[in-house]
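Here are some notes to read alongside the model. Take them one point at a time, and keep the structure open while you go.

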Amino acid sequence: MSLGYAWEKFHLSVLILAGGQGSLHKRLYEAYTYQLGVLKVEQVPEELQEAFSLLKEELKTVKCPGKQVNIASVQRAIGTEKAKELAESIVEMYDDIAQRYGRTKQ
C-alpha cells in the first residue's frame with residue numbers, strides 16, 4: 001500500500017469536486033477518470049479497501065464511453081442524490097486517508 005499515493009489521488013479528487021467546472025456529475029466523472037480510476041484497491045488502507053472497491057464500481061457507471069463526456073447519460077445512470085452520496089463518500093475516505101497520512105509525517 002502506498003499511503004502517499006492514495007492521499008494524492010483522493011486529495012486531487014476532492015479538489016476537482018470542490019472547485020471543478022460543471023455539474024456534480026461532470027466533476028465526479030473527472031475525479032474518477034483522472035484520479036480515482038487509476039488508484040488500485042490494494043493502494044488504500046486495508047480498512048477502506050472494501051468501501052473503495054464498491055465506490056469504484058459505482059463510479060464506473062459515471063464514466064461515459066467515448067472521448068466526450070455526455071452528461072445527460074451520466075445523469076441518467078445516477079441521479080442527483082446518488083451523485084451527492086458518491087461525492088460524500090470520496091470526501092469521507094479522503095479524510096480517513098489524510099488523518100493516517102498525517103500520522104506518518106509526525
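Is E47 buried or exposed? E47 is exposed, and its relative accessible area is 58%. Keep in mind throughout that this is a predicted model.

1. Let's start with E47 and its partner. The side chain of E47 meets that of R100 in a salt bridge, with 3.1 Å from N to O. R100 sits in helix α5, which covers residues 80-104, while E47 is in the loop between α2 (24-34) and α3 (49-60), so this pair ties together parts that are 53 residues apart in sequence. R100 counts as partly exposed, at 21% relative accessibility. The cut-off for buried is under 20%, which is why 21% still lands in the partly exposed group.

2. Now for the wider set of charged pairs. Side chains of opposite charge can pair when their charged atoms come close. The structure holds six salt bridges, and the one between R100 and E47 is among those to look at.

3. Next, find E58 and K82. They form a salt bridge in which the closest N and O atoms are 2.5 Å apart. Because E58 belongs to helix α3 and K82 to helix α5, the pair ties together parts that are 24 residues apart in sequence. As for accessibility, E58 is partly exposed at 30% relative accessible area, and K82 is also partly exposed, at 29%.

4. E81 pairs with K84, and their closest N and O atoms are 3.6 Å apart. Both residues lie in helix α5, three residues apart, which is about one turn of the helix. E81 is exposed, with a relative accessible area of 52%; the cut-off for exposed is over 50%, so E81 makes it into that group. K84 is partly exposed, at 39%.

5. Time for the rings. The structure holds two aromatic pairs. In one of them, W7 and Y101 are stacked, with 5.4 Å centre to centre and 20° between the planes. W7 is in helix α1 (residues 3-19) and Y101 is in helix α5, so the pair ties together parts that are 94 residues apart in sequence. W7 counts as partly exposed, at 25% relative accessibility.

6. The other rings to look up are F10 and F52. They form a tilted aromatic pair, 5.5 Å centre to centre, with 55° between the planes. The label follows from the angle: planes under 30 degrees apart count as stacked and over 60 as edge-to-face, so 55° falls in the tilted group. This pair links distant parts of the chain, with F10 in helix α1 and F52 in helix α3, 42 residues apart. Both F10 and F52 are buried.

7. Last stop: S13. You'll find S13 in helix α1. What is its relative accessible area? The value for S13 is 0%, so S13 counts as buried. Leaving out residues up to four places away in sequence, S13 touches A31, Q35, L36 and I90.

How values were computed. Residues are numbered from 1 along each chain as its sequence is written. This is a predicted model: local features need pLDDT of at least 70, side-chain atom pairs count only at pLDDT 80 or more; totals for chains, interfaces and linings use all residues. Side-chain values use heavy atoms; hydrogens and water are left out. A salt bridge is a side-chain nitrogen of Lys or Arg within 4 Å of a carboxyl oxygen of Asp or Glu. Helices (H or I, at least four residues) and strands (E, at least two) are DSSP runs, numbered from the N terminus. Buried means under 20% relative accessible area, exposed over 50%, partly exposed in between (1.4 Å probe, protein chains only). Rings of Phe, Tyr and Trp (its six-membered ring) pair if their centres lie within 6.5 Å; planes under 30 degrees apart count as stacked, over 60 as edge-to-face and the rest as tilted. Contact means heavy atoms within 4.5 Å.
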